[in-house]
There are 2 protein chains.
Amino acid sequence: MPREIERKFLVASEAWRDHVSHRVELRDGVIALRDGCKVRVRFYGDAQATLSVKGPRAGMSRDEFEYAIPCEDALAMLSKHCDGPPLRKTRHHLVHAGQNWTIDEYHGALAGVLIAEIELASEDAAFARPAWLGSEVTYDQGYRQSALMRRHRAALADSA
Amino acid sequence: MPREIERKFLVASEAWRDHVSHRVELRDGVIALRDGCKVRVRFYGDAQATLSVKGPRAGMSRDEFEYAIPCEDALAMLSKHCDGPPLRKTRHHLVHAGQNWTIDEYHGALAGVLIAEIELASEDAAFARPAWLGSEVTYDQGYRQSALMRRHRAALADSA
């Protein structure tokens with residue numbers, strides 16, 4: 001079964017920006033949540049979209065199933081069947097010491113939020129800490145995407 | 001956008017059984033519900049599975065997106081990420097006056113429930129009523145799949 005094991009961090013400086021190899025604009029919408037399960041629709045840029053089912057998080061792991069779907073379906077889901085407006089972020093990719101990192105830079109109501117992630121093959125896998133890496137937030141509920149979605153909606157409601 | 005327009009009926013006799021052209025065993029699980037949106041995983045027999053997103057129902061119509069997914073993913077979702085045990089039913093297919101009908105025969109805790117459905121191209125499309133057709137339940141909340149799921153879970157809980 002596909003399983004996602006990842007660790008999340010804040011960033012301590014902007015030095016990572018010099019090492020970005022490529023980036024993609026993401027738009028996420030949550031179709032439904034239940035008992036920690038999440039169903040998400042995501043645009044990668046304008047030409048690729050996916051539907052994901054994620055199981056409840058257990059520590060740094062969770063089951064994850066992701067399927068490519070037609071963009072017109074994803075657009076309809078994002079505009080009509082998601083809980084609130086899409087959350088937008090730029091995903092920056094970079095390699096440090098032979099390992100892949102992503103840094104998500106949130107936009108709109110969440111502008112300023114930056115989260116670095118590394119995906120690991122096992123929960124105890126070693127990795128090299130880049131100098132720009134900040135505190136770990138893997139277990140911090142406030143930095144889960146669902147919590148960020150709530151902050152995003154609350155900020156939009158405040159500004160309405 | 002894919003849109004499902006269907007009318008649902010009870011059956012008034014068993015005469016439909018003589019006209020069944022083929023049937024398939026279905027196993028359904030609901031991953032999540034929100035504001036009338038539903039995300040469902042379904043097995044068609046043992047070798048085909050789908051993930052569906054359905055929008056809120058408006059009368060006899062709703063948006064519907066359905067994607068084939070690997071059976072091993074569907075099995076993991078059914079066993080680990082659904083709200084309750086799978087709902088099992090036999091879907092019987094038959095043609096009456098050139099139009100396709102399905103009759104869902106529920107099993108387990110819902111044994112005895114039979115629902116006939118016809119899918120239409122538009123809300124006002126004409127169709128021929130077979131002699132075995134009973135009362136229409138298109139607008140009856142008690143015969144929605146979500147309500148049947150609740151009955152199914154409640155019956156299982158009572159028998160536990």
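Biologist: Where in chain B is B:Asp35 found?

Modeller: Ground rules: this is a predicted model, where local features need pLDDT of at least 70, side-chain atom pairs count only at pLDDT 80 or more, and totals for chains, interfaces and linings use all residues. Residues are numbered from 1 along each chain as its sequence is written, chains are lettered from A and ligands numbered from 1 in the order in which they are written, and side-chain values use heavy atoms, leaving out hydrogens and water. Strands are DSSP runs of E (at least two residues) and helices are runs of H or I (at least four), numbered from the N terminus. On that basis, B:Asp35 of chain B is in the loop between β2 (20–34) and β3.

Biologist: Is B:Asp35 buried or exposed?

Modeller: The cut-offs are under 20% relative accessible area for buried and over 50% for exposed, with partly exposed in between (1.4 Å probe, protein chains only). B:Asp35 comes out at 63% relative accessibility, so the label is exposed.

Biologist: And what is the phi of A:Asp35 in the other chain?

Modeller: A:Asp35 lies in the loop between β2 (20–34) and β3 (37–44) of chain A, and with 63% relative accessibility it counts as exposed. B:Asp35 has a positive phi near 50°. A:Asp35 isn't a glycine either, and its phi is positive too, at about 50°.

Biologist: Which side chain makes a polar contact with the side chain of B:Arg42?

Modeller: B:Arg42 is in strand β3 (residues 37–44) of chain B, and it counts as buried because its relative accessibility is 3%. A polar contact is a pair of N or O atoms within 3.5 Å; within protein, one must be able to donate a hydrogen and the other to accept it, and residues adjacent in sequence count only if both atoms are side-chain atoms. Contact in general is heavy atoms within 4.5 Å, and the residues B:Arg42 touches, beyond those up to four places away in sequence, include B:Lys89, B:Arg91 and B:Gln145. The polar contact, at 2.6 Å, is with the side chain of B:Asp28.

Biologist: How many residues are in the largest nonpolar core?

Modeller: A nonpolar core is a set of buried Ala, Val, Leu, Ile, Met, Phe, Trp, Tyr and Cys residues joined through side-chain atoms within 4.5 Å. In soluble globular proteins, nonpolar side chains tend to be buried together. Here the members touching the most other members are A:Ile31, A:Leu51, A:Met77, B:Ile31, B:Leu51 and B:Met77, and the core's residue count is 32.

Biologist: Which residues of chain A does B:Met77 touch?

Modeller: B:Met77 is one of the buried residues of helix α1 (residues 71–80) of chain B. What covers the buried residues of that helix includes β4 (48–54) and β5 of chain A, along with β2, β3, β4 (48–54) and β5 of chain B. Leaving out residues up to four places away in sequence, B:Met77 touches B:Ile31, B:Val41, B:Leu51, B:Ile69 and B:Cys82 in chain B, and in chain A it touches A:Val53, A:Phe65 and A:Tyr67.

Biologist: How much space lies in the largest pocket?

Modeller: Pockets come from a 1 Å grid over the protein atoms alone: a pocket is an open set of points with protein on both sides within 12 Å along at least five of seven lines, a cavity is a set where a 1.4 Å probe fits but cannot get out, and lining residues have an atom within 4 Å of a point. Grid points are joined across faces, edges and corners, and the volume is the space filled by probe spheres set on the points. The lining has 37 residues, with A:Glu4, A:Glu6, A:Arg40, A:Lys54 and A:Glu117 nearest the centre. The volume is about 720 Å³.

Biologist: How many residues lining the second largest pocket are charged?

Modeller: This pocket holds about 580 Å³, and among its 36 lining residues B:Glu4, B:Glu6, B:Lys54, B:Arg57 and B:Arg62 lie nearest its centre. Ala, Val, Leu, Ile, Met, Phe, Trp, Tyr, Cys and Pro count as nonpolar, Asp, Glu, Lys and Arg as charged, and the others, Gly among them, as polar. The lining has 10 nonpolar and 6 polar residues, and the charged count is 20.

Biologist: How far apart in space are B:Ile115 and B:Arg151?

Modeller: B:Ile115 is in strand β8 of chain B, and it counts as buried because its relative accessibility is 3%. B:Ile115 and B:Arg151 are 36 residues apart in sequence, and C-alpha to C-alpha the separation is 15 Å.
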